[in-house]
Amino acid sequence: MNNKIVIVGCGNVGMSYAYTLINQRTKVTDLILIDINQDKTRGEAMDLNHGLAFAPSKIKIRVGDYNDCADAQIVCLCAGANQAPGESRLDLVQKNYDIFKGIVQSVVNSGFKGLFLIATNPVDIMTYFTFKISGFPSSKVIGTGTTLDTARLRFLISERLKINSKNIHGYILGEHGDSEFPSWSNSSVGAVEIPRFLSRGELDIMTDKVRSAAQEIIKAKGATYYGIGMVLARLTNAILDDENSIFTVSSYNQNSDLYIGYPTIIGKSGVVGYVPLTLNDEEKKAFDNSARIIKETISKVNQE
Ligand code: NAD
């Protein structure tokens with residue numbers, strides 16, 4: 001079985017994704033790199049290929065073009081501008097929309113029938129535009145959403161309680177951005193609710209730390225990429241293995257016609273279902289606020 005993945009945008013995020021994939025057991029058989037910077041992409045392909053002798057899975061890596069998308073399982077979009085220090089994810093929207101218009105059209109023109117996986121920020125909005133431009137069913141267009149933020153939350157709680165993050169369950173919901181929020185009423189350590197372990201004050205500090213994590217990393221080292229690379233690799237393997245696992249990806253919300261971070265079941269065909277969460281009043285308000293911000297930002301984009 002040919003499991004071809006195409007990465008469009010071979011910068012920090014795209015290459016962290018590629019590097020993570022080739023260092024894990026994966027069903028990916030072919031990894032194709034596309035970027036406007038052809039020289040850099042050639043160098044990246046060479047560099048990755050030289051490590052293949054030590055990779056756990058057999059995989060072919062090469063530079064490609066949009067024709068390669070025709071028989072790909074997943075096209076992952078990581079192209080575009082990233083945040084400068086102090087810049088919000090929403091500030092990137094027009095720049096990245098203009099870049100995406102051409103890319104998504106080229107992928108569709110190839111005859112691509114697989115899944116779009118989007119990491120470019122602002123990710124909820126770029127995922128929505130990929131859905132609109134491509135005309136694909138919403139189940140085949142998935143953004144990374146708040147998957148990374150949820151992983152950051154699990155890490156912080158795990159550090160505080162000294163319990164493996166795999167046993168920390170909970171979700172960051174909403175916009176992958178400043179209005180994201182944790183649903184404490186749906187969070188647990190093992191089967192025990194998290195608010196029984198931590199005070200409201202501690203929970204609020206953790207929320208702030210998750211929200212400001214990206215800015216803190218950008219200030220310290222210029223960009224964030226390893227974490228999101230691991231998220232993309234995890235989602236890829238969940239898709240190829242038809243896992244039906246739950247992630248807070250950015251998925252389509254039909255009621256509001258937008259993409260937003262929400263616990264979503266991911267399998268081989270993309271989105272196969274949603275987790276029916278009950279949010280308390282405070283969480284419902286926070287979710288609606290996030291949705292409003294996403295909607296307002298979409299409406300400001302010049303789609304000419
Ligand atoms: P980067 O500048 O390192 O890489 C971007 C790449 O896109 C560059 O190699 C550039 O040449 C390429 N590119 C630009 N226009 C293109 C086009 N038209 N066609 C093909 N390639 C093109 O940036 P990065 O650090 O890799 O970040 C990429 C995106 O990922 C940013 O929008 C960033 O904000 C986002 N990001 C998202 C998350 C998340 O959780 N979803 C986390 C980190 C970063």
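Helix H5 provides the largest share of the lining of the largest pocket, eight residues. This pocket belongs to a predicted model, and its space comes to about 970 Å³. Its lining comprises 32 residues, with Thr-147, Thr-150, Ala-151, Arg-152 and Arg-154 lying nearest the centre. Besides helix H5 (147-161), at least two lining residues each come from strand E7 (168-169), helix H6 (200-221), helix H7 (226-240) and strand E12 (245-247). By class, the lining of the largest pocket holds 16 nonpolar, nine polar and seven charged residues.

The second largest pocket has a volume of about 460 Å³. Of the 30 residues that line this second pocket, Val-13, Asn-82, Ala-119, Asn-121 and Thr-224 are nearest its centre. Helix H1 (12-22), H5 and H6 each give at least two residues to the lining, and the largest share, three residues, is that of H1. Here the classes are 13 nonpolar, 14 polar and three charged residues.

The volume of the largest cavity is about 50 Å³, and around it lie Gln-83, Ser-88, Arg-89, Asp-178, Arg-211, Ala-214 and Gln-215. One nonpolar, three polar and three charged residues make up this lining.

In the contact, Asp-124, Ile-125, Tyr-128 and Phe-129 of H4 meet Ile-294, Thr-297 and Ile-298 of H8. These contact residues divide into five nonpolar, one polar and one charged.

Note on methods. Residues are numbered from 1 along each chain as its sequence is written. This is a predicted model: local features need pLDDT of at least 70, side-chain atom pairs count only at pLDDT 80 or more; totals for chains, interfaces and linings use all residues. Side-chain values use heavy atoms; hydrogens and water are left out. Contact means heavy atoms within 4.5 Å. Helices (H or I, at least four residues) and strands (E, at least two) are DSSP runs, numbered from the N terminus. Ala, Val, Leu, Ile, Met, Phe, Trp, Tyr, Cys and Pro count as nonpolar, Asp, Glu, Lys and Arg as charged, and the others, Gly among them, as polar. On a 1 Å grid over the protein atoms alone, a cavity is a set of points where a 1.4 Å probe fits but cannot get out, and a pocket is an open set with protein on both sides within 12 Å along at least five of seven lines; lining residues have an atom within 4 Å of a point. Grid points are joined across faces, edges and corners, and a volume is the space filled by probe spheres set on the points.
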